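Subject: Handing over the structure

Dear colleague,

I am passing on the structure that we talked about, together with some notes on what was found in it. Please keep the view open while you read, so that each residue can be looked up as it comes.

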Amino acid sequence: MATLGNRKSTADIIERHQFDFRKKFGQNFLIDNNILEKIIESAQITKDDCVLEIGPGIGTLTQRLAEEAGEVIAVEIDKNLIPILNETLADYDNVTIINDDILKVDINGIVEEHGGRPIKVVANLPYYITTPIIMTLFEKHVPLYSVTIMVQKEVADRMQVGPGTKDYGALSLAVQYYAKPEIVTKVPAACFMPRPNVDSAVIRLTRYEDAPVKVDDEAWLFAVIRASFNQRRKTLVNGLANAGNLPINRQQVEEVLAEMCLPASVRGETLTLEQFSELSNRLLKKRT
């Protein structure tokens with residue numbers, strides 16, 4: 001089987017299988033070997049690793065992962081890609097293909113079936129579902145070493161920025177609570193077939209053994225964070241007091257902000273992860 005990762009081999013296999021791109025799955029196949037190698041290098045794959053690939057497409061990245069890793073589990077939602085994957089990965093006996101929706105499969109169960117040791121996730125993620133996939137991996141506490149993913153450039157920026165910037169928000173805080181984010185390289189739209197409307201970036205999220213802040217209730221922390229950013233123009237007091245799903249009132253929020261020496265006019269976008277941790281812990285003690 002010819003090695004993938006360039007325009008000709010990708011076009012040939014798509015034509016031979018008469019594959020139709022499905023917009024709802026956000027399918028854009030990588031056709032640049034230099035970017036492919038940067039992904040592999042930044043993921044630091046070894047023969048000791050079990051790698052979970054989300055959305056393998058036609059198997060371009062999967063081939064390289066199989067050459068470097070001990071085992072690769074590839075989860076692909078589009079059943080029309082399975083015959084292609086069976087062909088492109090026929091020479092690799094260390095790849096397991098699962099035809100399913102990554103948001104519906106029991107990832108922890110898969111990890112347990114394949115040895116139970118922490119895995120590395122590597123993927124070219126569809127733009128429309130990037131955040132739910134990342135949060136599923138972290139919030140379900142999947143045993144992870146790292147997550148190395150290709151995402152829309154704006155989303156990568158959002159994951160690693162700090163307070164006071166326009167891209168800073170709930171995703172920034174969630175990612176930085178669980179992992180250390182580092183943008184590896186930017187990827188122009190021309191590196192894909194078909195060409196998307198936006199540029200991408202490869203970002204590596206190295207999972208923390210212990211969270212950088214101490215919170216009394218993780219779920220409560222993220223409920224507070226989401227409410228703080230639901231309407232960015234609102235003050236933190238208004239955002240939290242009017243959230244609806246938080247059993248706290250305006251007076252309680254104002255009391256906590258005063259305890260933290262923060263003005264009642266403060267907005268969520270100015271608070272650090274450490275401040276959100278303290279805010280969450282203090283509100284938790286006051287909630288009705």
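The notes below go through the pockets, the strands and helices, and a few backbone details.

This is a predicted model, in which local features need pLDDT of at least 70 and side-chain atom pairs count only at pLDDT 80 or more, while totals for chains, interfaces and linings use all residues. Residues are numbered from 1 along each chain as its sequence is written, and side-chain values use heavy atoms, with hydrogens and water left out.

The pockets come first. A pocket here is an open set of points on a 1 Å grid over the protein atoms alone, where a 1.4 Å probe fits and where protein lies on both sides within 12 Å along at least five of seven lines; its lining residues have an atom within 4 Å of a point. A volume is the space filled by probe spheres set on the points, which are joined across faces, edges and corners. The largest pocket has a volume of about 440 Å³, and of the 33 residues that line it, Ile-54, Gly-55, Pro-56, Asn-124 and Pro-126 are the closest to its centre. Helices (H or I, at least four residues) and strands (E, at least two) are DSSP runs, numbered from the N terminus. Among the elements that each supply at least two residues of this lining are strand E2 (50–54), helix H3 (60–68) and strand E3 (71–76). The lining divides into 21 nonpolar, eight polar and four charged residues, where Ala, Val, Leu, Ile, Met, Phe, Trp, Tyr, Cys and Pro count as nonpolar, Asp, Glu, Lys and Arg as charged, and the others, Gly among them, as polar.

The second largest pocket has a volume of about 220 Å³, and its lining includes Phe-21, Arg-22, Tyr-127 and Pro-194. Pro-194 is also joined to Met-193 by a cis peptide bond, with omega of about -10°, and Pro-194 is placed in the loop between strand E8 (192–193) and E9.

Which strands pair with E3? Two strands pair if DSSP finds at least two bridges between them. E2 and E3 pair in the parallel sense over five bridges, with Ile-54 opposite Val-75, and E3 pairs with strand E4 (residues 95–99), also in the parallel sense and over five bridges, with Ile-73 opposite Thr-96. E2, H3 and E3 make a right-handed β-α-β unit; right-handed says that, with the strands pointing away from the viewer, the path from the first strand over the helix to the second runs clockwise. E3, helix H4 (residues 82–88) and E4 make a right-handed unit as well.

Is E3 mostly covered or open? Five of its six residues are buried, where buried means under 20% relative accessible area, exposed over 50% and partly exposed in between (1.4 Å probe, protein chains only).

His-141, with a phi of about 55°, lies in the loop between H6 and E6, and it counts as partly exposed because its relative accessibility is 42%. Cys-261, with a phi of about 60°, is found in the loop between helix H11 (250–259) and helix H12 (273–286), and Cys-261 counts as exposed because its relative accessibility is 71%.

With best wishes
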